[in-house]
Amino acid sequence: MAAPAAGADVASLAAAALLGAAIALAAVWFARRLRAQRGVRELRQALRAGADWHWRSDAALTVTAVEPGQRPLAGFDPQRLVGRKPWQIEDAGAAPPPLAAAIAAHAPFFDVTVATATNGARTFALSGVPLFDADGRFEGYAGAARELTALLAAAAANAAPPARLLAEHAARTRQLELAVRELDSFSHSVSHDLRAPLRVVDGFANIVLEDYGDRLDDLGREHLKRIVAAAGRMNAMIDTLLALAKMTGREIERERVDLARLAQELADELATQYERRPQFVNAAEAVVEGDRTLLRLVLQNLLGNAFKFSARVAAPRVEFGVRDENGRPVYFVRDNGAGFDMRFADKLFGLFQRFHSANEFPGTGVGLATVQRIVRKHGGRIWAESKPGEGATFYFTLWERR
């Protein structure tokens with residue numbers, strides 16, 4: 001009768017260990033959530049102090065929410081914008097050209113002026129940033145607005161108005177940069193803090209498996225192995241996120257970069273990893289301006305995927321090339337490999353999105369998310385065309401917007 005009692009003790013120990021780990025994880029999550037809520041309140045207060053109103057729109061550019069700032073606006077209620085476009089302060093006219101260009105590219109815009117004629121000539125400045133969900137789908141804009149009428153009047157009467165306006169603009173820019181750094185720091189801290197409870201789960205599960213595994217049945221050992229494997233996968237995901245934030249968050253160092261030469265170097269390195277060496281076709285010339293390290297990472301991910309997904313076909317072929325589209329160069333990486341269903345293309349550039357099993361094609365699921373972020377930092381866009389079993393082509397541009 002001693003063996004069943006010992007098995008029950010081990011089961012109780014395992015359950016207590018896992019319960020303790022779960023409680024620790026929940027406590028860390030709750031503390032981080034409180035800190036996040038406090039940070040959001042502080043940012044909202046800063047927005048109210050620095051803007052006459054801030055707004056949010058849906059993907060159709062219709063304003064869904066407006067929150068006034070702390071300074072009252074004489075003769076104008078920002079709430080009237082709900083249900084209209086952000087720039088339709090006076091009437092239902094079209095967007096100013098700079099604003100229309102930014103919206104078409106789902107790009108941020110800053111201090112775009114909108115003038116009115118009724119109720120006295122008034123001038124407002126609109127700023128906004130695009131919003132995307134976790135899968136990279138465009139969700140609309142969030143932005144702020146401020147009336148410039150008094151500032152412009154003072155500028156006209158002042159002998160040196162540009163310096164004052166530039167100083168105010170520089171101050172707003174510094175505030176925005178500070179907010180972005182704070183958010184990046186917060187994300188980095190959360191990722192690091194997640195490791196503590198994860199180590200508890202992984203450590204105690206390994207202890208139970210190593211010290212008491214022979215006293216558990218096959219099903220109990222299998223459960224513990226699943227816990228250890230899941231902890232390992234989560235730890236790898238945290239490492240990947242930190243590496244992504246570190247690499248793509250750096251400032252761009254602009255120089256002339258020969259993409260064709262980079263592609264050839266990477267193709268030569270990748271070819272040694274495969275038993276069946278793919279045929280590689282390279283562009284004749286593709287010299288661009290950008291950050292060499294980041295652009296190398298773009299080609300490394302795109303070519304790496306092309307080699308990986310074409311490795312199992314009878315005659316693998318990978319191509320890097322350039323084509324002209326409306327007078328602008330479009331760069332592409334094409335393969336004749338596994339391909340994917342275009343019905344799921346909207347999830348292609350999301351973090352940890354995979355169209356094939358890890359056993360069939362290994363990977364972390366963050367390569368294309370990294371590529372998209374770097375291309376956007378270079379003022380470009382990226383998209384793909386594919387059919388299952390017929391390969392895939394990834395296109396990207398650079399400096400479509402500055």
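Visitor: What is the relative accessibility of E289, and how does E289 count on that basis?
Guide: In this predicted model, E289 has 38% relative accessibility and counts as partly exposed.

Visitor: What does E289 form a salt bridge with?
Guide: With R254; the closest N and O atoms of the two are 2.3 Å apart. The pair links distant parts of the chain, R254 being in strand β6 (residues 254–258) and E289 in strand β8 (residues 287–291), 35 residues apart.

Visitor: Which ring does R254 lie over?
Guide: R254 lies over the face of W399, at 4.2 Å from the ring centre. Another arginine over a ring is R376, which lies over the face of F132 at 4.1 Å from the ring centre.

Visitor: F132, then. Which residues are in a cluster with F132?
Guide: Ring pairs link F132 with F109, F138 and Y141 into a cluster.

Visitor: Back to charges. How many salt bridges does the structure hold?
Guide: There are 15. One of them is between E222 and R226, with the closest N and O atoms 3.6 Å apart.

Visitor: Why are E222 and R226 separated by about one helical turn?
Guide: Because they are four residues apart in helix α6 (residues 218–248). E222 counts as partly exposed, at 37% relative accessibility, while R226 is exposed, with a relative accessible area of 55%.

Visitor: What does the side chain of R381 meet in a salt bridge?
Guide: The side chain of E400, at 2.7 Å from N to O. R381 is in the loop between α9 and β11 (382–386) and E400 in the segment after β12; the pair links distant parts of the chain, 19 residues apart.

Visitor: Which residues do salt bridges with shared partners join into one network?
Guide: R261, E265, E269 and R296.

Visitor: Change of topic. How many aromatic pairs are in the whole structure?
Guide: A search finds eight. One ring pair is F340 and F394, with centres 6.4 Å apart and planes at 45°.

Visitor: Where do F340 and F394 sit in the chain?
Guide: F340 is in the loop between β10 (328–335) and α9 (367–377), and F394 is in strand β12 (residues 392–396), 54 residues apart.

Visitor: Is F340 buried or exposed? And F394, buried or exposed?
Guide: F340 is buried, with a relative accessible area of 7%. F394 also counts as buried, at 9% relative accessibility.

Visitor: What else is F394 in contact with?
Guide: Leaving aside neighbours within four places in sequence, the contacts of F394 include L302, Y331, F332, V333, L348, F349, L368, W383 and A384.

Visitor: Which residues touch the most other members of the largest nonpolar core?
Guide: L259, L299, L302, L303, F320, F394 and F396, in a core of 40 residues. The elements giving two or more residues to this core are α7 (259–271), α8 (292–310), β9 (317–325), β10, α9, β11 and β12. The largest share, nine residues, comes from α8. Apart from this core lies another of 22 residues, among them V66, W87, V114 and L126.

Visitor: Where is G391 found?
Guide: G391 is in the loop between β11 and β12, and is buried, with a relative accessible area of 4%.

Visitor: What does G391 touch?
Guide: Not counting residues up to four places away in sequence, G391 touches D335, N336, G337, A338, G339 and S386. G391 and A338 are 53 residues apart in sequence, and their C-alpha atoms are 5.4 Å apart in space.

Visitor: Now the whole protein. What does its secondary structure come to, and how much of the protein counts as buried?
Guide: It comes to nine helices and 12 strands. Of the 402 residues, 36% count as buried. The protein exposes about 22,500 Å², with carbon and sulfur atoms supplying 57% of that.

Conventions
Residues are numbered from 1 along each chain as its sequence is written. This is a predicted model: local features need pLDDT of at least 70, side-chain atom pairs count only at pLDDT 80 or more; totals for chains, interfaces and linings use all residues. Side-chain values use heavy atoms; hydrogens and water are left out. Buried means under 20% relative accessible area, exposed over 50%, partly exposed in between (1.4 Å probe, protein chains only). Accessible areas come from the Shrake-Rupley method with a 1.4 Å probe; for residues, only the protein chains shown count as cover. Rings of Phe, Tyr and Trp (its six-membered ring) pair if their centres lie within 6.5 Å; planes under 30 degrees apart count as stacked, over 60 as edge-to-face and the rest as tilted. A charge sits over a ring if NZ of Lys or CZ of Arg is within 6 Å of the ring centre and within 35 degrees of the ring normal. A salt bridge is a side-chain nitrogen of Lys or Arg within 4 Å of a carboxyl oxygen of Asp or Glu. Contact means heavy atoms within 4.5 Å. A nonpolar core is a set of buried Ala, Val, Leu, Ile, Met, Phe, Trp, Tyr and Cys residues joined through side-chain atoms within 4.5 Å.
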